[in-house]
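Subject: Handing over the structure

Dear colleague,

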Amino acid sequence: MTNVPASRETADSRSTGVSRSAFRRVLAGSTAGAVLEWYDFALYGILAATVLGPLFFPGGNGFAQLLLALATQGLGFVARPIGGIVFGHLGDRLGRKPMLVTTFLLLGLSTSAIGLLPTYSQVGIGATISLVVLRLIQGFALGGEFGAAVLMVSEYGSPKRRGFWSAWPQAGAPLGTVLATAVVGGVALVLPDNAFDQWGWRVGFLFAIPLLVIGFWIRRRIDESPVFQEAQARAATKTVRERSSILETLAHPGPVLRGLGVRLGENVAFYVYTVFVVAYATKTFGYDKSDVLLAVAIGSLLQFAGMLAGGYWSDRVGRRVAMLVPALGLAVWAPVFFAIVQADALPLLYLGVGVGAALHGLLAGPEAAWIAELFPTRRRFAGASLVFQGSSIIAGAPAPLIAVWLAEKQGPTAVVLYLVGTIAVTVVALLLSAETRGTDLN
């Protein structure tokens, strides 16, 4: 990469000569992709809990349709580890930038295509199959998308502020959720219920098209990670070709296992406070759908602020402390949250979702830098993808489904125990991990 004048360098630019404008493009491109990624998953989660069940899974009662719609959401998660393996290998071989562009295109196009699908009443089982296929494509693309976005920022940014800057792609999750709830809430507010259920739901998926165009334009202008370029230069001097970074990472499973442990409770908490709460509050307690979506949107804004604050704090006190404190807070808040929801008072619902989402943000914010710091450059993409996407299938995918089933069959206490139990795994994994703040990614 060409060096730039010292006057253009910032405290958050690497000594290799990354300019301020280059760092901004990386930050904007990575965050934009994360927003689209989580916009899609939040959108599907919201609509699965409200309208997609009857449209693509007819027959049976409403509870069965809801479970089938959420199970289809889970199918997208099934493909994520596969995408993580494929793009993790390619990202460590070919570079971070090609994966950023490829995964973003796949994700945006498949999301938009869902908005054009015919329903079951129009074409029969073909509609259900098409929805499943598109969810698998989304999951496959997302398997490489998030790792690439986080690593680009982590490898560009200053070690002293890595926690804060790496939290921005992580914060794409609540921003995507806010955007999804705003779009769905706005369309639902303008249209009568029958029009929204018939065709209004498509607007949310088609809204991915302008997001795709903007994000693609930004990402095409990003330069390759300087850390990866240095690693490539070192590898070129070797006469023996290294084996797949996926195999190398699996041969040293300790960091992956610790990462999966930390992500377990964090993933479950995220889906309880964003996806499950929509179905639980509307179906069980009769809250108005728009009121619950507003609660999730407010909570997501607090979650966004919490992620950035958590990343910033981790640069001061270390990753472990910055994640342990909110993890313990989530365990304490779980029973309070369900007691608040059952009080059947809208302001209390906002309070319950808001505090839970903010605590989750504080926990998730430092994760991005922490996971990047667990692995050496030659297998960082593979390791980060296995952690991010492996946790999605063991925690994120089944979380709404398990929570809905437990609430229906066993009551809210069972959901509390489920949430607290998974957070306990997160706490143990953190206690078994060494501090990584300040790690040299080279």
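What follows goes from the overall fold to charged pairs, then to aromatic rings and the surface.

This is a predicted model, in which local features need pLDDT of at least 70 and side-chain atom pairs count only at pLDDT 80 or more, while totals for chains, interfaces and linings use all residues. Residues are numbered from 1 along each chain as its sequence is written, and side-chain values use heavy atoms, with hydrogens and water left out.

Overall fold

The chain has 21 helices and zero strands, where helices (H or I, at least four residues) and strands (E, at least two) are DSSP runs numbered from the N terminus. Its radius of gyration, which is taken over C-alpha atoms, is 21 Å, close to the 22 Å that the globule rule (2.2 Å times the number of residues to the power 0.38) gives for 442 residues, so the chain is as compact as a globular protein of that length. The C-alpha trace spans about 65 × 45 × 40 Å along its principal axes. Of the 442 residues, 60% count as buried; buried means under 20% relative accessible area, exposed means over 50%, and partly exposed lies in between, with a 1.4 Å probe and protein chains only.

Charged pairs

Side chains of opposite charge can pair when their charged atoms come close. The whole structure holds nine salt bridges, each being a side-chain nitrogen of Lys or Arg within 4 Å of a carboxyl oxygen of Asp or Glu.

Which residue forms a salt bridge with Arg96? The partner is Glu155, and the closest N and O atoms of the two are 2.7 Å apart. This pair links distant parts of the chain, since Arg96 belongs to helix α4 (residues 96-114) and Glu155 to helix α6, 59 residues apart. Arg96 is buried at a relative accessible area of 0%, and Glu155 is buried with a value of 0% as well.

Glu155 also meets the side chain of Arg380 in a salt bridge, at 2.9 Å from N to O. Here too distant parts of the chain are linked, with Arg380 in helix α19 (residues 380-396) and Glu155 in helix α6, 225 residues apart. Both Arg380 and Glu155 are buried.

Another salt bridge joins the side chains of Arg162 and Glu373, at 2.9 Å from N to O. Arg162 lies in helix α7 and Glu373 in the loop between α18 (367-372) and α19, so that the pair, 211 residues apart, links distant parts of the chain. Both of these residues, Arg162 and Glu373, are buried. Through shared partners, salt bridges join Asp92, Arg96, Glu155 and Arg380 into one network.

Aromatic rings

There are 15 aromatic pairs in the whole structure; rings of Phe, Tyr and Trp (its six-membered ring) pair if their centres lie within 6.5 Å, and planes under 30 degrees apart count as stacked, over 60 as edge-to-face and the rest as tilted. Phe164 and Trp168 have ring centres 6.2 Å apart and planes at 85°, so this pair is edge-to-face. The two residues are four apart in helix α7 (residues 162-170), which means that about one helical turn separates them. Phe164 is buried, with a relative accessible area of 15%, whereas Trp168 is partly exposed at 24%.

The rings of Tyr273 and Phe337, with centres 4.8 Å apart and planes at 75°, are also edge-to-face. This pair links distant parts of the chain, with Tyr273 in helix α14 (residues 254-285) and Phe337 in helix α16 (residues 319-342), 64 residues apart. Both Tyr273 and Phe337 are buried.

One aromatic cluster is formed by Phe23, Phe164, Trp165, Trp168, Phe304 and Tyr312. The charged end of Arg316 sits over the ring of Tyr312, 4.2 Å from its centre, where a charge counts as over a ring if NZ of Lys or CZ of Arg is within 6 Å of the ring centre and within 35 degrees of the ring normal. Arg135 likewise lies over the face of Tyr44, at 4.1 Å from the ring centre.

The surface

Tyr120, found in helix α5 (residues 120-123), is partly exposed at 33% relative accessibility.

With kind regards
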